[in-house]
Amino acid sequence: MNRDRFCLIPFSTFVYRPDGKTITCSQGKSPIGPDERLENNSINEVWNSSFMKDFRLKKINNEYVENCSTCYYDDDHGWESKRKWYLEKHSPKNLESFIAEVEENNGEVNTIPWHWEMRLSNTCNAQCVMCGPANSSKIASELSYNIKNPLLPVDYKITYEKYIRNQKAHVSNDAFIKSFKDNLEHIRLLELHGGEPWADPNVIKLLNEVSQTPYAKNIKIKTYSNCTLLTKEKIKVLNKFKGGDFHCSIDAYGKESEYVRYPLTWEDTERGLNLVLQTLKPEWNIRSISTTHLFNIWNIDQLFTVLTKYERLDIFSAPVSRPRFLITDILPLDLREEILNKFEAFKDIKSMEEIYNAMQTHLRVPQPKNNNYLITQFKKYYHYLDNVRNTNTLEIFPHLKSL
């Protein structure tokens, strides 16, 4: 398909959020979606709402959608956007005829979505530096006590205010869970997000129940986890499904990891990673995902050196896109060249080929036009973290002194 803005996600994926809403995509600039909600409407009324039909037609017509700017940004910089990755992985053989049928039906999709992305809550056991209150209950709690802290960047204040507004509109997940269970026969992929999925008792309960149905053998699971709360019992439940993709979120090594994914310990992270690698059945693909940003980029090579020792592990890395004051584009170009020199050690390692090539592009983009503003916001942010978490950012990440 010769459409550089077309995206398959709104044609196949049902994306649910803790406030009871469904949205177009987790990568969206804002959580936009239909006004219809499952506690008042049927699955078809939500899935084929006027909003969703119009949104699909915009994608078919290759229109620019402001909310999709994250993927456009990634595409423009030569990175693997979620839009492009999803098309390559999930496009059906009859994609053109399928799209033509949807267009003829004025944007309506006549099948139940086969891919369900579930986020029941923001319950989490971590306060990751690149995360926010909508995806971490611990960050939300921390911000509630520090929202008037003068060191807190304005971006985080706005994010927290938006989170509070959504919380006031919070509804029970019962209607969504009922719709999910009623449509198990149609579901082929269940994607679990948090928070930390394995910190949410409702997620664990639901997986237990589904694993005991005859439909489990037809459903693949895609889940993201910091791995610190995994047990053999939880892995046994996962092994009752068809298989899937287990993504281990690991962003740094040792004390740097403990700063980035505060207050988790490296020991617990490593234990969980080994448990996944040793006990998940061969039907599972296991991948590490490392988000690169200002904090971890200087020594991310140390983590990759550790991860390349695991034979079963696929290694993946993606640059942070939000909040903008964490992007590595802020760093001086000469410092980024020094980082690239470290990556020469991975040049001939097959498992690092994709990351090596991506870094050559990613670390050579020009500094943003509003670089000084972003640096100011970043400084406020790490001073805020040191203030409320009793950390010493520049001691752990001395490369940041260049800013």
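Author: C124 counts as buried, at 13% relative accessibility; buried means under 20% relative accessible area, exposed over 50%, and partly exposed in between, with a 1.4 Å probe and protein chains only. The model is predicted, so local features need pLDDT of at least 70 and side-chain atom pairs count only at pLDDT 80 or more, while totals for chains, interfaces and linings use all residues. Residues are numbered from 1 along each chain as its sequence is written, and side-chain values use heavy atoms, with hydrogens and water left out.

A disulfide is taken as a pair of cysteine sulfur atoms within 2.5 Å, and the structure holds 0 of them. For C124, the closest cysteine sulfur belongs to C128 and lies 6.0 Å away, which is too far for a bond. C131 is in no disulfide either; its nearest cysteine sulfur, again that of C128, is 6.0 Å away.

Now the charged pairs. A salt bridge is a side-chain nitrogen of Lys or Arg within 4 Å of a carboxyl oxygen of Asp or Glu, and by this rule the count comes to 14. One of them joins E117 and R17, with 3.0 Å from N to O. This pair links distant parts of the chain, 100 residues apart: E117 sits in strand 3 (residues 115-118), and R17 in the loop between strand 1 (13-16) and strand 2 (22-23). Helices (H or I, at least four residues) and strands (E, at least two) are DSSP runs, numbered from the N terminus. E117 is buried, at 1% relative accessibility, and R17 is buried as well, at 10%. R17 and E117 also belong, with K82, to a network of salt bridges.

E66 and K29 form another salt bridge, at 2.7 Å from N to O. E66 lies in the loop between helix 3 (50-60) and helix 4 (69-76), and K29 in the loop between strand 2 and helix 2 (43-47), so the bridge ties together parts that are 37 residues apart in sequence. E66 is partly exposed, at 41% relative accessibility, and so is K29, at 45%.

R83 and D75 also meet in a salt bridge, with 3.0 Å from N to O. Both of these residues, R83 and D75, are buried.
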